[in-house]
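Keep the structure in view while reading.

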Amino acid sequence: MATKNRPGAPKPIALALQGGGMHGAFAWGVLDRLLEDGRLEIEGVSATSAGAMNAAVLAYGLLKGDAENARQALHEFWRAIAQSAERYSPSRYIPWMRGTHTFGLDHSPLYLMADIMLRILSPYQFNPRNMNPLREILEQHVDFAELRKHCPIHLFLCATNVETSKIRIFSGQDMCIEAVLASACLPTLFQAVEINGEHYWDGGYVGNPAIFPLIYNCRTHDVVIVHINPIVRPGVPTTAAEILNRINEVSFNSSLMREMRAIAFVTTLIQQGKIDRSEMKEMLIHSIRSDQIMAALGVSSKYNGDWDFLCFLRDQGRAEAEAWIEENYQHIGQRSSIDIDKEFL
């Protein structure tokens with residue numbers, strides 16, 4: 001079991017941030033509330049896709065100052081995302097839907113045309129120059145050279161090797177803008193990212209996110225998973241878009257489910273005394289998520305960069321983090337705040 005913290009000392013935690021397009025603004029809200037609270041110390045972050053972007057901006061914000069700097073850095077990053085979406089994205093927000101909280105783009109002719117095009121053409125055909133607005137935004141908000149030298153937390157970004165199907169964890173001196181873009185490279189939208197002769201796609205296919213780097217490299221036993229993709233989605237999808245979306249959700253959650261099964265197995269052996277605690281690390285797992293909110297959002301909303309929508313998700317993330325802190329702060333360092341078997345197995 002993890003060591004108890006002395007009274008008044010921040011409790012160390014590690015964060016696991018999922019990806020999910022613009023829905024990553026939910027994790028922004030979670031981070032904003034955790035940083036604001038001040039009673040938790042982020043020792044490490046493992047992240048994928050949009051989570052990788054949140055993680056890189058978070059780390060650089062902490063490097064440049066304190067928790068308030070990190071909160072401001074995340075705010076400015078997502079504001080830049082919204083401004084870029086306003087300039088470049090064909091998937092624009094529908095004014096007459098403002099206030100409905102569905103935030104979908106299904107009635108946008110531009111979105112429908114883009115959706116059809118993505119089913120017919122590859123990014124090598126419709127974007128031969130491989131233009132990616134995310135690169136410009138990251139360059140403006142994160143100095144990766146400085147982050148490589150003085151990263152204030154353990155930072156792990158997950159990507160999928162296109163040719164070998166293996167997971168690649170970028171950390172330490174491997175941290176660069178290409179690593180973030182690789183972690184967030186949806187193969188239907190962007191050309192594979194090349195790093196040292198290897199090609200990578202979105203990390204969600206093999207780790208969304210990967211938990212093992214936090215187990216091996218962080219001292220804390222507490223891992224807080226910030227979910228973006230709903231684990232539970234009531235009802236059977238019937239439209240083509242809904243079916244593809246659920247396939248992606250199941251696929252992107254599958255690697256996490258497998259790691260949770262392994263963690264549950266080791267935890268049982270430790271608690272039954274079959275493995276000595278000095279030999280294996282008992283992990284304490286926590287979860288911040290809102291399946292109800294995320295399941296209510298259509299697949300098209302993952303491409304909606306409207307500022308009102310991003311702020312809506314941020315506020316939902318803040319609310320879920322607030323509720324989680326209120327209910328589970330006392331459990332940090334003591335026990336898992338979720339039933340792993342019930343939630344994941």
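The largest cavity has a volume of about 40 Å³. This is a predicted model, in which local features need pLDDT of at least 70, side-chain atom pairs count only at pLDDT 80 or more, and totals for chains, interfaces and linings use all residues. Residues are numbered from 1 along each chain as its sequence is written, and side-chain values use heavy atoms, with hydrogens and water left out.

**Cavity**

A cavity is a set of points, on a 1 Å grid over the protein atoms alone, where a 1.4 Å probe fits but cannot get out. Grid points are joined across faces, edges and corners, and the volume is the space filled by probe spheres set on the points. The count is 1 cavity of 30 Å³ or more. Lining residues have an atom within 4 Å of a point. Those of the largest cavity include H23, R233, E249 and K302. The lining divides into 5 nonpolar, 4 polar and 3 charged residues. Here Ala, Val, Leu, Ile, Met, Phe, Trp, Tyr, Cys and Pro count as nonpolar, Asp, Glu, Lys and Arg as charged, and the others, Gly among them, as polar.

**Surface patch**

I116, M117, I120 and L121 make a nonpolar surface patch of about 360 Å². Patch residues have over 30% relative accessible area and no salt bridge, and nonpolar side chains (Val, Leu, Ile, Met, Phe, Trp, Tyr) are joined within 5 Å. Areas come from the Shrake-Rupley method with a 1.4 Å probe, and for residues only the protein chains shown count as cover. I120 lies in helix α4 (residues 109-120). Helices are DSSP runs (H or I, at least four residues), numbered from the N terminus. I120 is exposed, at 63% relative accessible area. Buried means under 20%, exposed over 50%, and partly exposed in between.

**Salt bridges**

The model has 18 salt bridges. Each puts a side-chain nitrogen of Lys or Arg within 4 Å of a carboxyl oxygen of Asp or Glu.

| Pair | Closest N and O atoms |
|---|---|
| R33 and E322 | 2.4 Å |
| R168 and D174 | 3.4 Å |
| R314 and D315 | 3.0 Å |

Salt bridges with shared partners join D32, R33, E36, D37, R39, E68, R71, R318 and E322 into one network. R33 counts as buried at 12% relative accessibility, while E322 is partly exposed at 33%. E68 sits in helix α3 (residues 67-88). E68 is partly exposed, at 45%. E68 and L35 are 33 residues apart in sequence, with 7.4 Å between their C-alpha atoms.

Technical notes
1 Å grid on protein atoms, 1.4 Å probe; cavity = no way out; pocket = protein on both sides within 12 Å on 5 of 7 lines; lining within 4 Å. Patch = residues over 30% accessible without salt bridge, like charges linked within 9 Å, V, L, I, M, F, W, Y side chains within 5 Å. Helix = DSSP H or I, 4+ residues; strand = E, 2+ residues; numbered from the N terminus. Buried < 20%, exposed > 50% of the residue type's maximum accessible area, 1.4 Å probe, protein only.
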